[in-house]
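Subject: Structure handover, cavities and pockets

Hello,

The structure is placed below for your use. Notes on its cavities, pockets and core follow.

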Amino acid sequence: MKPSPAVALHELGQSLWLDTISDGLLTSGELARLVAEGSIYGVTSNPTIFRGAIGGDRFGYPAAIARLASEGKTPEAIYDALAIHDITRTADVLARAFQTGSGRDGFVSLEVPPDLAHDTAATVAEARRLWSLVSKPNLLVKVPATPAGIPAIETLIAEGISLNVTLLFSRSQYAGVGAAYRRGLERRLAAGGSLEGLHSVASVFVSRLDTAVDKELESRAAAAATPADRERYLSLRGASAVANALDVWEEYRAQFFGASFQALRARGARPQWMLWASTGTKNPAFSDVKYVEELAGPDSINTAPRETIDAWLEHGRVEGNRLDPRIETARKTRAAFAEAGISLDQHCAKLLDDGVSSFAQSFREMMDTIRERSAALAPRQ
């Protein structure tokens, strides 16, 4: 029997993770079903996902908020309780995949509050707290790849806390993240610590770059002096994200699959697995599985929203490694953008700032929802 597209992708060496979490997904048994049938191999969350889950749910979360509010819990403590409950249950559903999988399977991620993204000490303290509260070996604490996040990554890895480094966009940004991970491993070993059970992934956001760059391409095309110039700009639509991802992939291969990592690997270190994030297709003109199909390859992970997972299961096709063989093509595509006067690095830098701001806004909106609901649902004194 032919394996499902998700299983075929896993056999290639890439684990498909679900980029959403909610009480309903857990209590209905739907998450357990997806894991059991090999449709997904891990779960990620972020402030926007939690905002949608808590704000949009009419059943489980309101009852839990009412109960916790009646116990005198603050909104912050209520969020802690809701998030830890969901993450812990998800970790349990994924436990077998974690224990028996590829080393890239069975993880669930929980993010430090995004308003800490520019504060190294606060990020470290919060990551320690979340790691202790969840207390599951298959947890990945999410830390943003901001300048303040880089030293936090090194410190936390040195302390044995597994991480999902998030909001990565460019090769230069990833180079700093990979180096921080390696320094953390070296510090841990130098202090006599073990690397057993220590994991990390680096989440490179993909589709947001196409969205931003395509707007610039269309603007330039509208103002083009000649039809040939107009066509040159329009022909590059939908090409920036994958070309940029493969630039990061080159750095990943250099850092973790060459001679420079061998000494750490010999002492039990794992690569900081490459994870493709933001892989839902936002432009309806593109294939609904564009960023799964075009970024299929070994030694990696793809986390996608439910609608993308469903589309992949329905009509996805695995056509071998689409990463390493296309590196040279991606270089030529990046050169075409440079010749057109478009800086992918500038777009990546802006997307990092925008991503931090967007997640922070989502987190504030979620906390506002909890405050409003706890005030409305708590018993009157």
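Which elements each supply at least two residues of the lining of the second largest pocket? They are α6 (75-93), β2, α8 (120-134) and α18.

Two remarks on the source. This is a predicted model, in which local features need pLDDT of at least 70 and side-chain atom pairs count only at pLDDT 80 or more, while totals for chains, interfaces and linings use all residues. Residues are numbered from 1 along each chain as its sequence is written, and side-chain values use heavy atoms, with hydrogens and water left out.

Terms, once. On a 1 Å grid over the protein atoms alone, a cavity is a set of points where a 1.4 Å probe fits but cannot get out, and a pocket is an open set with protein on both sides within 12 Å along at least five of seven lines; lining residues have an atom within 4 Å of a point. Grid points are joined across faces, edges and corners, and a volume is the space filled by probe spheres set on the points. Helices (H or I, at least four residues) and strands (E, at least two) are DSSP runs numbered from the N terminus.

Second largest pocket: its volume is about 160 Å³. Of its 14 lining residues, Y79, D80, P113, F363 and M367 lie nearest the centre. α6 gives the most to this lining, five residues.

Largest pocket: this one has a volume of about 520 Å³. Its lining has 28 residues, with D19, N46, S278, K282 and P305 nearest the centre. Among the elements giving two or more residues to that lining are α4, β4 (163-168) and β5 (200-205). The largest share, four residues, comes from α16.

Cavity: the whole structure was searched, and one cavity of 30 Å³ or more was found. About 50 Å³ of space lies in the largest cavity. Its lining includes S45, F50, Y79, L110 and F363.

Leaving aside neighbours within four places in sequence, L110 is in contact (heavy atoms within 4.5 Å) with residues including S45, F50 and Y79.

Regards
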